[in-house]
Every structure is written in C-alpha cells, then in structure tokens.
Amino acid sequence: MGLPHNTLAIHGGEPVAAHIAAPQWPPTSKETAERLADLYLRGDWSFNRGGQAAALCEEFAEYCNSRYAVLMTNGTVTLMSALAVYGIGQGDEVIVPAFTWLSTAMAVRYVGAKIVFVDVEPTTLCLDPARLEPAVTSRTRAIIPVHFLGSMADMDAITAIARRHNLIVVEDCAQAHGGKWDGRSVGTLGQVGSFSFQHNKIMSSGEGGICVTDDGRIAERLYRMAHIGYGPGERMGEFKSRPDPDLVCHNFRCTEFQAVIIRDQLRDLDRRIEEYNRSMARLAALLGGLPGVRIQSPGRRATPQSCYKWAVLFDADPLADIPAEILLKAIRAEGLPMEPSYGAVPTQLLFNLPVTDYVTADGCRVAMEIATRRTLMLSHQWLGADARTVEAIGAVIAKVAGNAAALRHEAA
Ligand SMILES: *Cc1c(COP(=O)(O)O)cnc(C)c1O
C-alpha cells in the first residue's frame, strides 16, 4: 500500500514477528503438580519434614560435582551468607562487577563491608580481570564474579588473582544454572557458588537459592547460618550442638514445596540448556556480520554456555548513535518483547546506597556506557522456542538494524 516492504512497524509497516510467543515460564507439569498435591495433603510443608530439601541438596551437589549444597530462601541471602561465614564484614572490601543485578552488591553491604565496583569486559560483559588486580587493596577479602546474562566470568584469570592475594571467590551463578567452565560446573571454581531460584531465573520455584561448596566446615557454617543455628541433620526441636560464637544465625529456610519443584526441573536442565545453545548458535549465524549489531560473547571456555538473557549490543555504526530506547521501541513494535539493560549497578533505580558505601574503581566506563546505554536483552525462555520463532527473532533484529536511517530520523 505504498510502503516499502521493509518499513518498520513503528512507521506503519507490517510487523515481522506479530504472532510469535515464548514457551510458558515457569514450566509446569502434571507430574510435579501431583507431587505438590501429595505434599500438601500430607502436611509436611516446612523445611525437610518430608525429606525433599535434603534430597534436593544431595542432587544439586551431585549435579555440580560439588561435595555440599545448602538450600536457602533466595539467591541474595546465599551471597550474603557466603561472605559472612568467612567472617567478612566491617572494614573489609569485596569486589563485584559494576554490571550485574544489584543483589550482588547489596550482599556486600549486608555484611557491612565496602562494595568495590570493577568494570566489565566489553565482549562478555563480565568482570574484567585486567581491571580487577589494580582494584585489590590490603582490605580486600573477596571477589564475587558473576556469570552474567549469556556469558561467564573468566574464572582462570580471576582465581589466579585471588590465589595471589589470598582472596575468597564467591561465584554468583544466579544466572548460570547448567553452565560449565571447561567441563567444571559453575559454582565449583571458587570457594562457594551461589544460585537463585527466583521466578525469572533459569530454574524457578518462585523464590529460593542454594550454595555449593567443597569445604565441609564452610558448609556447616552456611547450614547453621540459614537454620537459626541448627546443625546439618538435626531435626527441628532436637538441639544437639551450638553454632560457632562468631556466627550470627538467621532463618533462611525454604519450604518443601520449593524443593519438589526444583528437583523436577533439575532433571530437565541439561536438555533445556542444550536447546538454548542451539538457538543461540542459530541467532549468531543469522546476525553474524550484520553492521551495528553485536551479540554478547559467550564465556571463553563455556562447555556449555548457560543463558539467562540473550543480550545484544548496539554500539557500532550505523546504530551506535541511535538511542537504545528508540531501538527497543522499534523491536517491540515488530513483536519481540526485548527489555532494556539493567544498567550499571550505581545507575540502577533500586540502588539507593550513599556513595560512602561503595567505590567505583577506575570509572567503570564499559559498564556505565556500553552496558547501560547500548545493551538490550531477551529473556531465556525465548531460546526454548521452536526454530520458526528463533528465525523470527533474528528477522526482527535484522529488520531494525537495516533501518538505521529511518530510526535516526525518529531520534532527531
Ligand atoms: C537474581 C540475582 C541475584 C539474587 O537472587 P534472588 O533470588 O532474586 O535474591 C543475585 N545475583 C544475580 C546476578 C541475579 O541475577
């Protein structure tokens, strides 16, 4: 009707992906619903009354090839607890990437330590090891690398720096379930690994979190911290031993319902990550070499790469000067619900700490600019869609990228 066929949907053209949909998230099944109903009717709802929590911990540890796992209420208290069990607190510094979900940084604040933000790599958007070492001071006690969006922190370089300076490494794997670094499960490369089961994550029980570690003494401290002092294996009401006097214990217990859901999802995790990798490979093939479009690089030694958000960076010509909000509007109008970047932690709306609580080492230019202003993301469940839908995702990005002049006009 007079419009060139490639006209953007925001300019009245035909959307290229008007009818696509992502698979339902979180996934549900009759079998899990039956197990939940049984549990409900039995009434064994609280932590491990029906043996579900202990079974999940055993299975999750085995899945990661780790010795211990400790289940908690969410993936923020797991991070906080991991720092606290090492006695990290006031007067100490903990390094976190400047681009992550704010919880990573908040965990440092909860124990009273100073947050030290270090910049991310422009390719992987994960903690940049080259910026990390100069940020280490005599007060640094720990590093929290994050396996972020669709990539992995460089664990070879980070653990080498940690060893040189005698630092604890707590891996934040809230976005990386099922990921492996050179064959080793994420979460097992440092001293403690922390995972989240919050609604949006790659595994979900609504809320929840788990820590893994190979250190029996740390596992016991984590357990006691999350169970108001009870030791591993002690039944409710049967107090047998006292927690270490330095340990401030909480109630971070999950319910059995959450354990039932995660146990079932764990059985399907590898298949789902494989599917995600097929979709990511197809999108990389479709968009490779497209001017102005750059997909977040996977972890260098990912085997496989897990993915929480498929992230696209629009930081090259001819798209580098078009505001991300305009790109997002155009992409959404084509039918693809991409999301804006969280932005660097100090720029996030929910991050309300005074500047005295944190340091932004070296300005964190990549996090502040590329990550905050030039990145859009698509939630992981889309990577589980059928081949036709994945093609449509690629077609949306290609169409928008091919209309730089029209978008520039829109921005002006
Ligand atoms: C979600 C998330 C957390 C926190 O997990 P919750 O279960 O929501 O508390 C921590 N770090 C990262 C990177 C996350 O994405």
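In the second largest pocket, helix α8 gives the most to the lining, with five residues. Helices and strands here are DSSP runs (H or I over at least four residues for helices, E over at least two for strands), numbered from the N terminus. The model is predicted, so local features need pLDDT of at least 70 and side-chain atom pairs count only at pLDDT 80 or more, while totals for chains, interfaces and linings use all residues. Residues are numbered from 1 along each chain as its sequence is written, and side-chain values use heavy atoms, with hydrogens and water left out.

The second largest pocket has a volume of about 270 Å³. Of the 15 residues lining this pocket, Pro 27, Thr 28, Thr 32, Ile 261 and Gln 265 are the closest to its centre. A pocket is an open set of points on a 1 Å grid over the protein atoms alone, where a 1.4 Å probe fits, with protein on both sides within 12 Å along at least five of seven lines; lining residues have an atom within 4 Å of a point. Grid points are joined across faces, edges and corners, and the volume is the space filled by probe spheres set on them. At least two lining residues come from each of α1 (30-42) and α8 (256-287).

The largest pocket holds about 580 Å³ of space. Its lining comprises 24 residues, with Phe 47, Asn 48, Tyr 223, Pro 232 and Gly 233 nearest the centre. Helix α2 supplies the largest share of this lining, five residues.
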